[in-house]
Amino acid sequence: MTHPAPDYPDVSAFRRPADVVMRLARMGSAHPSRLSFLRVLLRRIKSEGWQIDRPLWQVDANGVGRAVYRAKGPARTYSLVAFAHDLPDDQRSDRVIATAWDATFALFDGEPDAADLARLAANVPLQEAGRVSPRELTLARANRSVRLFRHVVNTLAKGTQPTPQSLDEVGYLMRTTAVYGAGKFGAADRAVIADRDELSTPFQAEMLTVWLIRAFTVDLVDHLAATKGGAKAVPLDRTLRRRLGVGNSTGLGMAPFLVRHPVLLNNWMAVREEALARVRALPEATGEAVQALHTALTAATDNAHRWRSDHPIQKGKLTDLRADLARVAGHLTQWPGTASLPWNRLWLWAESALTVEGQEALASVMLEPHGDLVDGLTCCLGADEAAQFRLNGAATVDATRAALAQHYDWALRVDFTLPDAQARFWYVSEEKLEPRLGARQTEPGADREQPLGIARMAADLDAALVAYTGETSVAEFALRHPEHRLMLRRVQIARRHPYAEVRDNLIAETMLPIDLMRCKLAFFGASHFDPRSDKWVRISLFQGEPFPDDLSNA
Amino acid sequence: MTDIALSRAEVEALCLKAARGAGMEWGLAEEAGFAAGWLAARGIDAAAELLDHLTQNADGWPTLSPIPAPVHWAASGAQLCPIALGAALSDRASAADGPCAAPLTTATVHQPILVIPFLAACVKAGDTALALRCGEISLLIDALGAPFEDLARLSHLRSAALSLHPMPATPRAIAPTALPRIAPKPLPGLRRWRGTPPCPPPTPHAKGPARRPATTTER
């Protein structure tokens, strides 16, 4: 990976301000890019020559058993331990309240011995009802796409390959319904692995888990086809299988993450915006880069045509996206020309000619030719959140109000006397401890509201600060108003991290939680975002990307 | 019963939710989670101490706040809340009358072990060390924390006044201890708090009926 020199020229004049970037509508149009976490993982595995193999495969004719996938990097080895189950169709549920799955997984830190495997076999299939240990980095489960899974097994068993269309229609053999990391259910804390180079980018253990799950899903259909078809059976074609990713089904549980992790959100956004600014600041467009841009645009266009959704909002966005990408293709026939700053001209044209959906897609396409320029920035995606936790009590009321005026003007403008401005409230279900949204006017529970209505909290804080003289310390104010302590912390974080806050009212009637989810999933590298309602979505991970043995053989 | 190994993230989340459920404001509940997590990461299981504190004081958080002053911090009620005191000390880490600048004493603190993480945050921010005397126990807190044995002894002290002296920072290596483990006994109590409505009304804006959502009635 190329790390740009620390004295890289200041490109701040080309950086988009938070008032543009941090709006929900734009975050909800985010596209994966070469800065996305799964791309970071695959680049590392390739450049460092990781060796991936499958030391254990004990799966019977019914597809029940266990397997281990071993990923050996230069410093450490990680192992995906997979348990395959025989799940009756009527027990298959993507909901978080499910208690049985087609397959369950843990990512083990190192190589598990027999005792480790026995311990995992007793706990991993239980998921939340079991416990893992600090030797595990993730805990996950997946369900089959019954129709495609069965179709592929039957086709291969007969000695024929499935059609590309049949694969594209679903896009995955299994979809994960949860991938837990960062200390959940007894697994290793983030702090345990944060110092490891290969896991310092966020969600690398989770991405490695899903990538190895993808290999497992294809191995499983090959195994079942061979069992069923005997000598007639063929394995899934290596080119065809690339069309398959791992599906993921995600509900509201994911939505508050970005709000709860303001420093992390800032760093993700800041890295992407710095990358885009660097590209825009380039003095010229080399022939090589122009060629790579065309290739990336073609890939984005193909992807947009394969991308399906029945959700009315997403259908509209897909129509916009396809039309915009066609417009970009048309515009590129006249580009780069000879005038200065060609990339910036392209971007400014996009801002005037494309919808938000198209602009964000183009941002990802524009980064694609410039790995040398932007990939090094991915080392800044992580965050030491603990270091930002302590409240600075020496700050003054004046400074706090100034920070509110500068970073929360969007919140201070909201009229919270209007019912629509606080129509909803976030709460946590007691059943599964999962975030949910309630309607304030008609549903009970607002007394247990989660602190995610940042806009209103900012307005409340500002109103309370008015009563104090400007030089009063935050320490003094916080002592008298513990109810504002959480928001004081956020304001101090926002002063140092301009992209820390989603600049929209998260309890408004019009708020769409899927916008938060799409932003987060785009940073993961998810494609084919498909909302099934405005509260849960399906996506695909690693679709079109190589399999472990594609890289090992390369 | 054998101990349950919880990750630091789990200890923090559990204690934050419990503190909020027991009526602490969100920002202080976060501090409670931080304190329990900090101690757990150093091998000190403070879950029972936090639960004891939450259970005893769930109705009276405002009266547990400290009254900062030069030399002596009094309590507005009978005893100081270690979380409110710790947060207030940490907020004043760099203040001229703060704990890193001049010696100070405090009124009696309930479960004083829970103050230590905040003092560690103070010394980190103030680039100093702090000598603490609490009942019969003396310990030195520096940027890395404090020796495990001292923390373990302090965790048995249910309440005591604090006496703090700033000291020059001296680098000292403290071996990290085992993974966080907590005794199973306080878990049901903490989990029970987790789902309870907070005592004070959250904000003047909250107008919803004061019943919990129908989907969350399971206890």
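1. Helix H1 (residues 8-21) of chain B is mostly covered: 13 of its 14 residues are buried. Buried means 20 or more other C-beta atoms within 10 Å of the residue's own; exposed means 12 or fewer, partly exposed is in between, and C-beta atoms are placed from the backbone. Helices (H or I, at least four residues) and strands (E, at least two) are DSSP runs, numbered from the N terminus. The length of H1(B) checks out: at 1.5 Å a residue its 14 residues should span 20 Å, and its end C-alpha atoms are 20 Å apart. The expected span is 1.5 Å times one less than the number of residues. After H1(B) comes Gly23(B), with a positive phi near 110°.

2. A note on the source. This is a predicted model: local features need pLDDT of at least 70, side-chain atom pairs count only at pLDDT 80 or more, and totals for chains, interfaces and linings use all residues. Residues are numbered from 1 along each chain as its sequence is written, while chains are lettered from A and ligands numbered from 1 in the order in which they are written.

3. Chain B overall. It holds 7 helices and 8 strands. Of its 219 residues, 51% are buried. Take the contacts in chain B between residues at least 6 apart in sequence: 72% of them join residues at least 24 apart. Two residues are in contact if their C-beta atoms, placed from the backbone, lie within 7 Å.

4. The chain B sheet. It is open, with 6 strands in the order E2-E3-E4-E7-E5-E6 and mixed pairing. Strands E2 (66-67) and E6 (137-141) of chain B are the edges, each pairing on one side only. Two strands pair if DSSP finds at least two bridges between them. E5 (residues 129-134) and E7 (residues 159-167) of chain B pair antiparallel over 6 bridges. There, Leu130(B) stands opposite Pro166(B).

5. H4 (residues 82-91) of chain B lies across E2 and E4 (104-110), at about 155° to E4(B). H5 (residues 116-126) of chain B lies across E5 and E6, at about 155° to E5(B). Angles run from 0 to 180 degrees between N-to-C directions; axes are lines fitted to C-alpha atoms, for helices over the stretch in contact.

6. The chain A sheet. This open sheet has 9 strands, ordered E1-E2-E3-E4-E5-E6-E7-E11-E10, with mixed pairing. Strands E1 (51-59) and E10 (527-531) of chain A have a single partner strand each, so one side of each lacks a neighbour in the sheet. Neighbouring strands are turned by 25° against each other on average, direction ignored. E7 (residues 245-250) and E11 (residues 537-541) of chain A run antiparallel, joined by 5 bridges. Asn248(A) stands opposite Ile539(A) in E11(A). Helix H8 (residues 204-229) of chain A packs on the sheet, and the strands it touches include E1, E7 and E11. Its direction makes about 145° with that of E6(A).

7. Helix H3 (residues 37-47) of chain A. Its buried residues include Phe37(A), Arg39(A) and Ile45(A). Their cover includes H8, H22 (513-524), E11 and H23 (548-552) of chain A. Just after H3(A), Gly49(A) takes a positive phi of about 65°.

8. Arg485(A) deserves a look. It is found in helix H21 (residues 485-496) of chain A. Not counting residues up to four places away in sequence, Arg485(A) touches Leu391(A), Ala478(A), Glu25(B), Gly27(B) and Leu28(B). Arg485(A) and Leu391(A) are 94 residues apart along the chain, with their C-alpha atoms separated by 8.4 Å.
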